[in-house]
Amino acid sequence: MDRKKKKFTPVITVNECKGCERCVYSCPKKVLRLENKLNSYGYRYAFYIGEGCIGCGSCFYTCPEPGAVSIYEETEDNT
Amino acid sequence: MAKKLIYGKPSGFFDTFDRRPGITHSTHYCPGCGHGVLHKLIAEAVADLGMLDKTIFICPVGCSVFGYYYFNMASISVPHGRAPAVATGLVRSNPDCFVISYQGDGDLGAIGFNEFIQAANRGENMAVFFVNNGVYGMTGGQLAPTTLPGQKTLTSPYGRSVENEGYPLKVCEMVAALDSPVYVERTAVTSPKNIRAARAALRKALTYMKEKKGFSLVEFLSGCPVNMKRSAKDTDEWIEKNVIPYFPVKCFKDIANERKPKQSPVGIYDKEKVKDSLLATEKIHPSDESELPVPDIKGELRIKCAGFGGQGILSLGMLIAEAGHLQNLKASWLPSYGPEMRGGTANCSVVLSREAVGSPLVKTADVVLAMNQPSIDKFSPDLRDGGILIYDSVNIKFDNPGKCNVYSLDASMIAKDVIGDVRCANSVMLGAFCEIIRSIDEKSFISSITNNFRGKEKVISMNIKAFQEGRKAVRK
C-alpha cells in the first residue's frame, strides 16, 4: 500500500488530559493545541487541529496519562 | 475507510483504576509527571514481551507507591528502600518470575542504597528502574542525593553546596564498576527522542531479565514540574540543559551476551518438612487427644507475672500459658525484660481465651503474680476491680486497698525450706495460681511442667512437689 495514502488521527480523551502540554510541544508537526475550555476536572485539555498528523507516536509516548492519547490509522479498505 | 488503533492504552494497565471513586481512568500524578511517561513505557513493554502474568512489580515509597492501582500485574508494596531485598527473596523463591524494582532517588540513592548495591553485586536476576528527578517529590521537593550542585530545593534554599552536602551520587557509574550487573544505562524521559531511547533501554533490560542474564539497571532522568516550579516544557528543557551534562545519558555497560543464563537454584528446604515444623504445635495438642474439657473462661483471662530476673518469672508465665494451651485455650505469652541475665526486672503478660487472643499486651490485668516489691508497686494499680493478686510475702510488704482479692504466701520460704531450692519459688506460685483459679485443671499444669523441663527428671519432680506445696499453702 502506498504510504502517502495513510491518514492518522490522534484522539484525546478530554477528561483524562491534565493540560501539561507535553504533547503540544513534543509534536513535530505542531498539530496539537491546548483548548481554552476546561474539562470536568478543571484542566485545559489538548485537541487536534484536524490535519497534519504523521502518526509518529511522539504525543502518545510523551503523555503521562495511560489512556489520554491514542492514535488511529485510517486505511483504505482494500481487503 | 477502516480505523486501526496504532497507539493506545497499553494492556499492561488495568482498564479502570479503583484508587478513588469517580476518577477511574487517570493517574494521581501531577500534570507533566515523569512517572506517568515511564509507567506507560513499562506497561507497554511488559505486555509486548508477554511477561504480564509472570512479572512482579515492586511499588516503592514515593509518589509511585500507588503503582499497584495501575499495573495489571502482580504488585507488592515494600518498606522504604527495601525493594531490592524483597526482590531478592521473590526471585530466589520463584526463579521463574520476573521482578521489576521501581525506585526513586530517595528510595534507591538514600535510604535503600545498601540493599540496592548488594543486590546489584550479587547479580540477582531483576530489573531496577531508577527514576531520578533530583528532588524528594512526594514530600514537597527536598534535597536528594542526586540534586545538582547549586540546585535550589526546599531544604537547600541557597542551592546545594558541595562543601556541605557533597556532590550528586552517580549511581550508574558506581554500578557499572561492579562485575555482576549485566546492563547499566542512563536515559532521560524528556524529549520524544530521549523517550524512545529510554523505551529501547527498558525493553533491553526486560529482555535480559527474561533470558535470566542477571541484574540490569536503567536510570531515567525525569522531571518533577511541580517541585521544580517550572512548566513541563521548561522542566524538560532545564533537564536537557543542566542535568544531562552532569549525568551523561549513555549505556555504561552491556555484557549480557557474554553471560550464560542463570540456573534456577535448587531449594534447600523441603516444602513439606517446613510446613510440618510450622504446624508442629498444632500436632502436639490436637483437640481430640485432650481428655480435659476446655476451661470455662469468660472473655480473656489476662495475667501479669512480675519479679526480678532469675526468679523464673518468664517460665512461670510460660507454664501458665502452656497449661491453658493443653486444655485447648488460645494462649499468648509476651515477655518483657532488661538486658541482664540475672537481676533487673522481668515481667510477662499471658492471655488465655477461648477465642483468638486479640492483643497480647496486658494493660488491665485479671490476675497479677508478683514476686518482688517493685513489681507489686508497679502492677497492682493495673488490676481490675475484683481482680486477683498473688504475691510472695517473703519479699513484699503490701497493704490491701480493698478492691481486689489478695492472696499472699511465703513462696520463697517454702521453696527454700521444704523443697530445698529457692529457684522453685515460681512453681510454688504456680500451685497457688492453680488453686485460686480452679478453672484450669491441675493435670494440665503438671503436664506443662513435665513438657517444659523435659529430660530433667530431678527438676520435674522437684517442681511438681513445689507446685503441690503451693496449692497446700493457699488452702491453709
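Visitor: Two strands pair if DSSP finds at least two bridges between them. So which residue of β9(B) is the bridge partner of B:Phe129?
Guide: In this predicted model, the bridge partner of B:Phe129 in β9(B) is B:Val218.

Visitor: How many bridges join β5(B) to β9(B), and are the strands parallel or antiparallel?
Guide: Strand β5 (residues 127-132) of chain B is joined to β9(B) by six bridges, and the two run parallel.

Visitor: What sheet are they in?
Guide: They belong to an open sheet of seven strands in chain B, in the order β3-β2-β4-β5-β9-β8-β10, and its pairing is mixed. At the edges stand β3 (74-77) and β10 (251-254) of chain B; each has a single partner strand, so one side of each has no neighbour in the sheet. From one strand to the next, the twist averages 20°.

Visitor: Which helices pack on that sheet?
Guide: Among them is helix α1 (residues 34-48) of chain B, which touches β2 (55-59), β4 (98-104), β5 and β9 of chain B. Its direction makes about 175° with that of β4(B). Helix α2 (residues 83-93) of chain B also packs there, touching β2, β3 and β4 of chain B, and its direction makes about 180° with that of β4(B).

Visitor: Changing topic, where does α8(B) bend?
Guide: The bend, of about 35°, is at B:Ile239. The 15 residues of helix α8 (residues 232-246) of chain B should span 21 Å at 1.5 Å a residue, and the end C-alpha atoms are 20 Å apart, which agrees.

Visitor: Is B:Ile239 buried or exposed?
Guide: B:Ile239 is buried, as are B:Ala232, B:Thr235, B:Asp236, B:Trp238, B:Val243 and B:Ile244.

Visitor: What do the buried residues of α8(B) pack against?
Guide: They pack against elements of both chains: α1 (22-26) of chain A, and β8 (183-188), α7 (192-210) and β9 (216-221) of chain B.

Visitor: And which strands form the sheet with β4(A)?
Guide: Three strands form an open, antiparallel sheet in the order β1(A)-β4(A)-β1(B). The edge strands, β1 (7-12) of chain A and β1 (2-7) of chain B, each pair on one side only. The twist averages 35° from one strand to the next.

Visitor: How many bridges are there between β4(A) and β1(B)?
Guide: There are five, in the antiparallel sense. At one of the residues, A:Tyr72, the bridge partner in β1(B) is B:Leu5.

Visitor: What is the mean pLDDT of chain A?
Guide: The mean pLDDT of chain A is 88, with 90% of its residues at 70 or more.

Conventions
Residues numbered from 1 in each chain as written. Chains lettered and ligands numbered in written order. Predicted model: local features only at pLDDT ≥ 70, side-chain atom pairs only at ≥ 80, totals over all residues. Heavy atoms only, no water. Helix = DSSP H or I, 4+ residues; strand = E, 2+ residues; numbered from the N terminus. Expected span 1.5 Å × (residues − 1). Bend = angle between axes of the 7 residues up to and from the residue. Buried < 20%, exposed > 50% of the residue type's maximum accessible area, 1.4 Å probe, protein only. Contact = heavy atoms within 4.5 Å. pLDDT = per-residue confidence, 0-100. Axes fitted to C-alpha atoms, helices over the stretch in contact; angles between N-to-C directions.
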